[in-house]
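Reader: I have a model open and want to learn to read its features. Can we take them one at a time?

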Amino acid sequence: MLGTDLLHSQNIISALCQHLSPGPLLSEDEYTANSSKALKERRKHQQALSRLARVCRTVSEFALDELWRSIDDITHILYAFNAYDREKCMFIEALNDADKAKFNAYARRVRELHVGKIERVHATVWVVLVAHWGPHGPLLPGLERMTGLRIDSNSLCYTLILSPTTKHLSLQVNRDAEPGIVGMVVDAARPMLTSLVHLSINGVLLPSPSAIPFWKLSQLHRLHVAPPVDLTHAIIRALGSFAHLSQLELKIKSMPAIGDDEARVRGFTNLRTLSLKGSLDDVCALMVATKPPVLESLNIETNRVCPVRGGSSSSIERLRGTLPPSLRTFSATLTCETCSGYRGSCSSFPNSEVLLSPLLAMDSLRCISFSIGDKSFRLADAALAEAENAWPQLAQFKIITPRPVHSTRDGVTVIPPYPYPPGSRPMPTPKHPSVKTLAIFAHAHPNLEQLVLPTIDLDAVPELDSVPLLEHGLRHFGICALEEDVGLMHHARALDMLFPRLDLDYAYKLSAMGQDQHEKDRNAELQLLLLALQTGRTSEPDRRERAAREGSASVDPHTMRLVESEDHFEQSAIDEARSSRPPDSDDEDSVSFGDWGSVTVLPHPYVSIPVPLGPPILQPPPRSLK
């Protein structure tokens with residue numbers, strides 16, 4: 001009975017410590033932020049566990065396990081040595097047996113490590129550690145994941161941290177690192193590299209093409225290579241032979257010429273997620289050569305859509321036939337560096353029909369996302385209408401384009417023109433999607449929860465009596481650019497009838513920021529109109545019910561109750577909106593689309609929102625829009 005009670009109490013203690021745990025490591029971007037809220041929250045949890053560890057020996061073991069499981073900086077481990085001076089970042093006296101025993105008691109618990117400011121640690125520290133731990137094994141014998149490791153001239157001694165148990169490694173190669181130093185580090189870490197299942201290589205440039213031969217680590221499950229890589233036939237074939245590779249991210253610097261006898265690279269039998277960066281020609285050439293058979297997610301990012309010689313539409317169309325039936329998610333970020341000097345406009349940029357045509361036959365697609373860096377790009381009404389019968393399980397459809405940059409001249413807002421490159425002729429502007437086309441498209445895709453379009457046709461005003469009460473389950477709707485000096489009320493009322501369940505939390509926060517935050521953003525204006533219509537529509541039944549219940553008693557203003565603003569739930573939303581404003585930027589972010597420049601926009605919530613794929617919503621057929 002006593003043993004059962006003790007076991008029960010230990011389970012409670014373990015659950016309590018897990019609840020106080022700071023959790024796994026943060027992303028590397030959050031560690032570089034000086035005022036990361038997530039990092040501050042981790043500090044609070046770590047302080048709570050530290051206090052809990054002092055309660056008694058039984059509680060201490062559980063609390064220490066959680067406290068030391070994930071470490072945010074290598075110096076936190078070195079603090080365990082009494083001989084380590086925190087200000088000088090070095091040992092000021094010899095290590096004794098008690099020091100080493102205390103350190104080992106903590107080090108064996110570490111499973112995750114972000115190395116942090118490891119460059120501050122004096123070189124003599126590593127000399128001492130190698131002398132004491134080098135002959136006997138790794139410094140952290142149970143380490144499973146390490147992030148933030150920089151390879152430079154001092155990195156050779158850092159390999160002492162790695163362990164044969166390490167499964168996940170994220171490192172960054174300094175641009176000025178000597179190739180010989182990088183090779184020595186890789187050779188010293190080779191016994192540990194063979195146990196990796198996830199390798200992430202960050203940085204701008206590798207010091208040499210073979211500095212880190214990642215294509216030889218055939219046991220990898222996930223591989224991320226940010227620096228540009230000169231692909232060869234041998235590298236492509238080696239990656240294709242990885243039996244367990246399920247996620248691959250590459251930035252292609254160059255592709256080899258692939259002849260007819262080498263046009264098909266067998267392999268990639270387990271690849272589910274693929275992300276490729278580089279010129280559109282190289283990306284499409286790799287897809288044609290590999291054709292991963294079970295690919296589920298494909299992301300393409302290129303700033304060379306329009307090559308100087310040859311057309312780009314043929315490159316896009318080469319994707320047709322390379323996409324497997326298993327594909328669920330397709331996303332592409334397309335910009336044109338050859339036309340970056342023309343304010344982001346390009347007469348030869350692929351039109352919407354060319355972009356969507358390779359995807360129309362992919363019935364398995366659920367998420368489609370384009371981020372277009374060409375300011376003159378528009379989605380044609382005919383292209384959206386053509387997709388009515390495609391993608392029956394579609395949950396997300398986004399085509400994001402940059403908003404026009406406004407300037408003020410004599411108090412009048414002016415949208416600058418978009419000149420075309422010399423020697424080219426402007427293409428006719430396609431007809432924008434109408435509200436009627438949106439309704440037909442939404443009705444054909446009952447699972448659609450997120451819809452973002454470049455613009456809509458404001459000249460085609462819908463007759464409200466003909467707008468169907470579609471009762472569609474769409475949650476997020478946005479327009480990147482809307483024509484100036486055209487009223488939005490009729491379109492907002494029609495959209496409210498079609499999509500009554502929109503999540504308008506973004507508009508609610510905008511209402512707390514003030515007019516100056518959205519006066520030049522017509523999408524924000526549309527969102528606020530939708531919020532007003534939705535609020536009025538949802539509050540009307542309550543008003544009628546209360547009027548029927550209270551009668552004339554409800555007209556006495558003396559019965560009105562007030563609450564303090566700091567206790568009101570709306571005030572919390574205002575405080576949150578104000579606190580989320582980026583410093584020194586008037587609540588605006590500078591979002592860059594590659595080399596064509598940056599555009600100042602408000603942080604739209606529909607840019608990156610996870611979409612749950614739920615069952616279809618039964619809807620009545622829409623009446624025709626006039």
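Predicted model: local features only at pLDDT ≥ 70, side-chain atom pairs only at ≥ 80, totals over all residues.

Reader: What is the phi of Glu471?

Author: Near 55°. That is a positive value in a residue other than glycine.

Reader: Is Trp391 buried or exposed?

Author: Buried means under 20% relative accessible area. Trp391 has 0%, so Trp391 is buried.

Reader: Now Leu156. Where is Leu156 found?

Author: In the loop between strand 5 (145-151) and strand 6 (168-173). Its relative accessible area is 36%, so Leu156 is partly exposed.

Reader: What does Leu156 contact, beyond its neighbours within four places in sequence?

Author: Met184, Val185 and Ala188. Leu156 and Gly183 are 27 residues apart in sequence, and their C-alpha atoms are 9.8 Å apart in space.

Reader: How do I read a buried charge? Take Asp85.

Author: Look for a partner of opposite charge. A salt bridge needs a nitrogen-to-oxygen distance within 4 Å. Asp85 is buried and has no salt bridge. The nearest side chain of opposite charge, Lys88, is 5.2 Å away.

Reader: Which backbone atom lies 2.8 Å from a polar atom of the Asp85 side chain?

Author: The backbone nitrogen of Lys88. Asp85 itself lies in strand 2 (residues 84-85). Setting aside residues up to four places away in sequence, Asp85 touches Met90 and Ile92.

Reader: Last, a helix. Which residues of helix 6 are buried?

Author: Helix 6 spans residues 97-107, and Asp99, Phe103 and Ala107 are buried there. Now look down the axis. The buried residues fall within an arc of 60°, so they line one face of helix 6.

Reader: What covers the buried residues, and what is on the face turned away?

Author: The cover includes helix 5 (74-78) and helix 7 (123-133). The face turned away carries the exposed residues Asp97 and Ala98.

Reader: And what happens at the start of helix 6?

Author: A side-chain oxygen of Asn96 comes to within 3.2 Å of the backbone nitrogen of Ala98.

How values were computed. Residues numbered from 1 in each chain as written. Heavy atoms only, no water. Helix = DSSP H or I, 4+ residues; strand = E, 2+ residues; numbered from the N terminus. Buried < 20%, exposed > 50% of the residue type's maximum accessible area, 1.4 Å probe, protein only. Lys, Arg positive; Asp, Glu negative; His and termini not counted. Polar contact = N/O pair within 3.5 Å; in protein donor to acceptor, adjacent residues only side chain to side chain. Contact = heavy atoms within 4.5 Å. Arc of directions from axis to C-beta.
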